[in-house]
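Please have the sequence and the model open as you read.

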Amino acid sequence: MKIIKKINNNVAIALDNNNREIVVFGKGLGFQTPPYELTDYSKIEQTFYNVDRRLYDLFSDLDEKVLLLTSRMVEKIKMSSTEKWSPNLTVILADHIQFAIERERSGMEIDLPYLHEIEESEPRITSYALWIVKNINHHFQVRLPKGEISCIAMHLINARAGSPKTGQETLEEKRSRILKNIVGIIENYFDLHISRTDSSYFRFRQHINYFVQRKQANEELADQNYELFELMKKQYLDAYGCLILINDYLYKEYGSNCSEDELLYLMIHLQRLVQKADPQSSPARHPENSIESQN
């Protein structure tokens, strides 16, 4: 096996013996300057085949314990089912889990709703998600909210093969349309281009997917973080200004305003998205309070 590119000290891109590109995880695989031949395969703890190259950056941000646990859980789910799953599931789910753990440990309370319609329509997927949450709580000594079961169930549902199209707009088509419109609002507001190949875009897309699912189920995040929302409004004037335009668009789409916690959660993801943009192509409207100036 040939290691061809370092992602971080423990994750690298490699070519297997059939010259297929894979992501490999193992202690110290990134220490030696690539390219080099790896002869001691015992160093490899996990391999990831057919992962979208646009998601490689997610690996560099992941805690290795989160990545390994997620990988093992996904493998058990795959072994217990006959369905085809996206090869991107592990890294996308690990990224979501890590963010959920960080929120819980920082004391940021976002009351994610538990979607009973998912439990009713997808009982097996819900049972997988419940098992995942219990594992996370046990291994990382956290108490994730019940709504995380629905979040993780959505990731699993999205990772399955799609269903046939009908004459009406499908949920996936609606999510894509709303995502496209919101990203357009952000690009116009900040005068920048958001790369659709960047890992932060994938994170944002996943958030919008789950947001649309909650709206379809008439579920809303409860307002429990008033002080934090007010603080972020003052600290990030650019993000909040853009958020107002997004909320106006969503009001036209759904006939109601988003809750403050919904907007707070959206603002957090919006910040992550815009922070990855080239500062030279994204002039701040309020330089003293711009997202970039907070770093």
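Glu 64 is partly exposed, with a relative accessible area of 25% (buried is under 20%, exposed over 50%, partly exposed in between; 1.4 Å probe, protein chains only). This is a predicted model, in which local features need pLDDT of at least 70 and side-chain atom pairs count only at pLDDT 80 or more, while totals for chains, interfaces and linings use all residues. Residues are numbered from 1 along each chain as its sequence is written, and side-chain values use heavy atoms, leaving out hydrogens and water.

**Salt bridges overall**
- The model holds 14 salt bridges (a side-chain nitrogen of Lys or Arg within 4 Å of a carboxyl oxygen of Asp or Glu).
- Glu 83, Glu 122, Arg 124 and Arg 160 are linked in a salt-bridge network.

**Pairs between distant parts**
- Glu 64 forms a salt bridge with Lys 27, at 2.4 Å from N to O.
- Lys 27 lies in the loop between β3 (21-25) and β4 (36-37) and Glu 64 in helix α2 (residues 64-79), so the pair ties together parts 37 residues apart in sequence (helices are DSSP runs of H or I, at least four residues; strands are runs of E, at least two; both are numbered from the N terminus).
- Glu 148 and Arg 103 form a salt bridge at 2.6 Å, N to O.
- Glu 148 sits in helix α6 (residues 147-158) and Arg 103 in helix α3 (residues 89-106), 45 residues apart.
- Both Glu 148 and Arg 103 are buried.

- Glu 230 meets Lys 233 in a salt bridge at 3.1 Å, N to O.
- Both residues lie in helix α9 (residues 226-235), 3 residues apart, about one turn of the helix.
- Lys 233 counts as buried because its relative accessibility is 18%.
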